[in-house]
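What follows is what I looked up, in the order I went through it.

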Amino acid sequence: MDPSQLRFILEELRFSAMLPAEVLDQLAAASTIKQIPAGTVIFREGGTNDNLYLIRDGRLALEMSVPGRGAVRILTLGAGEMVGWSALLDEGKMTASAIAVEDSEVVVAEAEKLRQLCRANRDFGYHLMEQMAAALSKRLVATRLQLLDLFAASPTPVPDRTSESEA
Amino acid sequence: MSSSYVAPLPDPRLATDPWRASTVAIRAVRPEVEGVSTYDLAFQDEAVRASYRFAPGQFNMLYLPGAGEIAISISDDPRNTATCAHTIRVAGNVTRTLAGMKVGDTLGLRGPFGTSWPLAECIGRDVVLVTGGIGLAPIRPAICALLHQRRQFGRLNLLYGARSPDTLLYAREYDDWSERGLIVHTTVDRSALGWMGNVGVVTLLLERLRSFDPRNTVLFCCGPEVMMRFTVLTALNRGMSPEQIWISMERNMQCAVGLCGHCQLGPDFICKDGPVFRYDRIAPFLDVEGL
């Protein structure tokens, strides 16, 4: 797929839609598009990964291994979302495994190319990292909400009516 | 749209005496998920049954002699006049007592009380229902009403989050809702073996919602207050205005008519001025610690 088509795709994705035109051009030039069949392991927890992925279509899941529990699915991600940020920020040592839950289409950007672009062009680096920070911030808030366990039933029956109202 | 869904037909007796409880019998008990059951209640007095109407979003006060009284959202189809369903989680003395009752047992019911979901405002517009946990119960009557007059509305999306796959409320109804034109999106906070659906908080579903026109959408939200706060933030970030967002509040409602003050929130009483509020009206009081 040529860069102009990729640029058009990136314009439509939530992660990259707000990027300035010249940044989009550079990102498109450093990217390819890839089909991922359901069940494919894209990268494994503890392993290395050289790419940043932006989901165009389909759904990916992040899983972490827990002794005695196996692979625990902690998050699913859909169109417009980013996967594999550790490749860019942490030299590719992955903190979770990523698996395609259904047939998916992703934009793949080589992390080393992105790092080179960031170093060579601070504007590019600023805008890319701004989007990355925004995406990670949303993911952090979502994780906090998960931790709050808001839908858990009261662990012990409450003795008075105060906490019993359910209207 | 039938006006009965927009504003309840008042029972004249309730208008003069909101304290008077009618006797209802448990007609059926349906276990939903662990610790949660739906109780179909039938009025014993035929005249009361014939005149009783409610609007989606309203609640009843259920009175169990010797245990107490509790506010419970109505979770039935508003067109159902034979019985009135309430989906209830065991949480304290009254609900625990209720959980020990069986079909044929009787209790007292006052109601309906409170404001309702603004279905008239949804005509010609898209509707997004965002809910979590047992918060789906007060939304269910709105779903029934929207689907009953499906052609009057644009896209209908239900975004529902639960703790785990086995706690998804009314799961047996999703296929029917989907066939009738409601797009059902579910997610769970904690996955389980074999679960192929979404994992993550319900606000993420709103982030991802495609074919979303923020200028022509009405959003209803019901669930834990923290969930609603972040849902509203997401909706505002996606371009909705506070006037398009409605939330159902929960407080300690005891009298149901705005006299006892237990459910006061700022200048409002949740029982009388709510539980359904337009967001801009209630927003200043949501983040105040202690309210």
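This is a predicted model: local features need pLDDT of at least 70, side-chain atom pairs count only at pLDDT 80 or more; totals for chains, interfaces and linings use all residues.

I searched the whole structure and got 27 salt bridges over all chains. The rule I used: a side-chain nitrogen of Lys or Arg within 4 Å of a carboxyl oxygen of Asp or Glu. The idea behind the search is that side chains of opposite charge can pair when their charged atoms come close.

**Ground rules.** Residues are numbered from 1 along each chain as its sequence is written, chains are lettered from A and ligands numbered from 1 in the order in which they are written, and side-chain values use heavy atoms, with hydrogens and water left out.

**A pair between chains.** I picked B:E207, which forms a salt bridge with A:R14, and the closest N and O atoms are 3.4 Å apart. This pair crosses between chains: B:E207 sits in helix α7 (residues 202-208) of chain B, and A:R14 in the loop between α1 (3-12) and α2 (21-29) of chain A. My helices (H or I, at least four residues) and strands (E, at least two) are DSSP runs, numbered from the N terminus.

Are the two partners buried or exposed? B:E207 counts as buried because its relative accessibility is 11%. A:R14, at 31%, counts as partly exposed. The cut-offs I used are under 20% relative accessible area for buried, over 50% for exposed, and partly exposed in between (1.4 Å probe, protein chains only).

**A pair within chain B.** Next I looked at B:E32 and B:R172, a salt bridge whose closest N and O atoms are 2.9 Å apart. B:E32 is buried, at 16% relative accessibility. B:R172 has 51%, so I noted it as exposed.

B:R278 forms a salt bridge with B:D280, and their closest N and O atoms are 2.7 Å apart. B:R278 is partly exposed, with a relative accessible area of 30%. B:D280 also came out as partly exposed, at 27%. I also found a network of salt bridges that links B:D268, B:K272, B:D273 and B:R281.

**Where chain A meets chain B.** How many residues are in contact here? I got 33 residues of chain A against 46 residues of chain B, with contact meaning heavy atoms within 4.5 Å. The size of an interface is often given as the accessible area lost when the parts come together. Here the buried area is about 3500 Å², and carbon and sulfur atoms give 51% of it. (Buried area is the accessible area, 1.4 Å probe, that two parts lose on being put together, summed over both.)

The rule finds six salt bridges across this interface. One I wrote down is A:E81 with B:R208, whose closest N and O atoms are 2.7 Å apart.

Which elements of chain A supply at least two residues of the side that touches chain B? They are β3 (51-57), β5 (70-77) and α5 (122-148). The largest share, six residues, comes from α5(A).

**Two domains in chain B.** Chain B is divided into domain 1 (3-113) and domain 2 (119-248); the bounds come from an automatic or database domain assignment. Their centres, taken over C-alpha atoms, are 25 Å apart. I found 20 residues of domain 1 in contact with 18 residues of domain 2. Together the two domains of chain B bury about 1500 Å² between them, 63% of it on carbon and sulfur atoms. I counted one salt bridge between them, and four residue pairs in polar contact (both at pLDDT 80 or more).

**Confidence in chain A.** Last, I checked pLDDT, the predictor's confidence in each residue, from 0 to 100. The mean for chain A is 88, and 91% of its residues reach 70 or more. Over residues 155-167 of chain A the pLDDT is below 50, and this stretch has 43 contacts in the model beyond near neighbours in sequence.

Key. A polar contact is a pair of N or O atoms within 3.5 Å; within protein, one must be able to donate a hydrogen and the other to accept it, and residues adjacent in sequence count only if both atoms are side-chain atoms.
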